[in-house]
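Subject: Structure for you to look at

Hi,

Here is the structure I promised to pass on. Please open it first, then read my notes below.

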Amino acid sequence: MPQPRTVLVTGGNRGIGKAIAEAFVAGGDDVVVTSRSGSGGPEGATVVACDVTDTASVDAAFAAAEEKFGRPVEVVVANAGITHDTLLMRMTDDDFDAVVETNLTGAFRCARRATKGMIRLKRGRIIFVSSVVGLMGAPGQANYGASKAGLVGLARSITRELGKRSITANVVAPGFIDTDMTRELPEEQRKAYVDSVPAGRMAEAAEVAQVVHFIASDAASYISGAVIPVDGGLGMGH
Ligand code: NDP
């Protein structure tokens, strides 16, 4: 039985992040999930309070994970994300900044902190949860689409910087997943989205989680700088 890895999933208290954390717990890893409240997450995971818009908070969450399990974080899943949808002409600087700050800069903070331990470990997996919208765009989501596209450049730059150290950085790009984020949409809009998906349905969060789990596995050791869609064909591979 291999030694459990220390895995940290941001926003692992609910939705896609919780399903990702569940997959790593089921695989026998030591899992820390973060949430802003410091509660929630699946059974078997340790919950730590963390706001990804705050560098000190991110650094403290990693320190807590390392202290709890006695090893550096080997797998980080930057999953925490928000939307502030509105048409471009109405989008305020704050609408734009808040989404980029959480979705992109927050992911950068996590990757930067994770890298310290991964270099010592001489291995690591950095996984960014992006969106089909990062590559296809969507009306009303200029802020969200820009933040999610930024994750691709981030992963690819990390790949070039740290590839020789057995650290991979990849992007998983979900399509339309049944979580709080999509449950907030008006029923008509949800139906229109589902109709546009070749698979003809939304996905369960677990369907994203299994792909993230694979990207973090030894079997995926030669995949880096990739964008892996989990979207029922919506983006057609982008
Ligand atoms: P949810 O709205 O269900 O959950 C969002 C998670 O992000 C929560 O755990 C939330 O924590 C956390 N979060 C938000 N802001 C912060 C912050 N500042 N600091 C720390 N944590 C924060 O979303 P989903 O599960 O649907 O989405 C997860 C990821 O997947 C997001 O990045 C999203 O953009 C992406 N995605 C989702 C799709 C979907 O269809 N659902 C499609 C494509 C991508 P808290 O509970 O504290 O608010």
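Start with the contacts. Among those in the protein chain with a separation of 6 or more, 67% join residues 24 or more positions apart. Keep in mind that this is a predicted model.

Now the overall build. The protein chain has eight helices and seven strands. Its C-alpha trace spans about 50 × 35 × 35 Å along the principal axes. How does the radius of gyration fit a compact globule? A compact globule with 238 residues would have a value near 18 Å, and the protein chain has 17 Å, so the two agree. Of the 238 residues, 46% count as buried.

Helix 3 and helix 5
- Helix 3 covers residues 93-121 and helix 5 covers residues 142-162. Their axes are 8 Å apart, at an angle of about 20 degrees.
- Angles under 35 degrees count as roughly parallel, so that is what helix 3 and helix 5 are to each other.
- Their crossing is right-handed.
- On the helix 3 side, the contact includes Phe96, Val99, Leu104 and Phe108. On the helix 5 side, Tyr144, Leu151, Leu154 and Ile158 are among the residues that take part.
- By type, the residues of this contact are 13 nonpolar, five polar and two charged.

Helix 1 and helix 8
- Helix 1 is residues 15-26 and helix 8 is residues 205-215. They pack at an angle of about 50 degrees, with axes 8 Å apart.
- Helix 1 and helix 8 are therefore oblique to each other.
- This crossing is right-handed too.
- Helix 1 brings Gly15, Ile16, Ala19, Ile20, Glu22, Ala23 and Phe24 to the contact. Helix 8 brings Ala205, Ala206, Val208, Ala209, Gln210, Val212 and His213.
- These divide into ten nonpolar, three polar and one charged.

Is Val32 buried or exposed? Val32 has 28 other C-beta atoms within 10 Å, so Val32 is buried; the cut-off for buried is 20 or more. Which residues does Val32 touch, leaving out those up to four places away in sequence? They are Leu8, Ala45, Thr46, Val48, Ala65 and Lys68. Val32 and Phe62 are 30 residues apart along the chain, and their C-alpha atoms are separated by 8.9 Å.

Best wishes

How values were computed:
Residues are numbered from 1 along each chain as its sequence is written. This is a predicted model: local features need pLDDT of at least 70, side-chain atom pairs count only at pLDDT 80 or more; totals for chains, interfaces and linings use all residues. Axes are lines fitted to C-alpha atoms, for helices over the stretch in contact, and angles run from 0 to 180 degrees between N-to-C directions. Helices (H or I, at least four residues) and strands (E, at least two) are DSSP runs, numbered from the N terminus. Angles under 35 degrees count as roughly parallel, over 145 as roughly antiparallel, 65 to 115 as roughly perpendicular and the rest as oblique. A crossing is left-handed if the near helix is turned anticlockwise from the far one by less than a right angle, and right-handed if clockwise. Two residues are in contact if their C-beta atoms, placed from the backbone, lie within 7 Å. Ala, Val, Leu, Ile, Met, Phe, Trp, Tyr, Cys and Pro count as nonpolar, Asp, Glu, Lys and Arg as charged, and the others, Gly among them, as polar. The radius of gyration is taken over C-alpha atoms; the globule rule is 2.2 Å times the number of residues to the power 0.38. A residue is buried if 20 or more other C-beta atoms lie within 10 Å of its own, exposed if 12 or fewer, and partly exposed in between; C-beta atoms are placed from the backbone.
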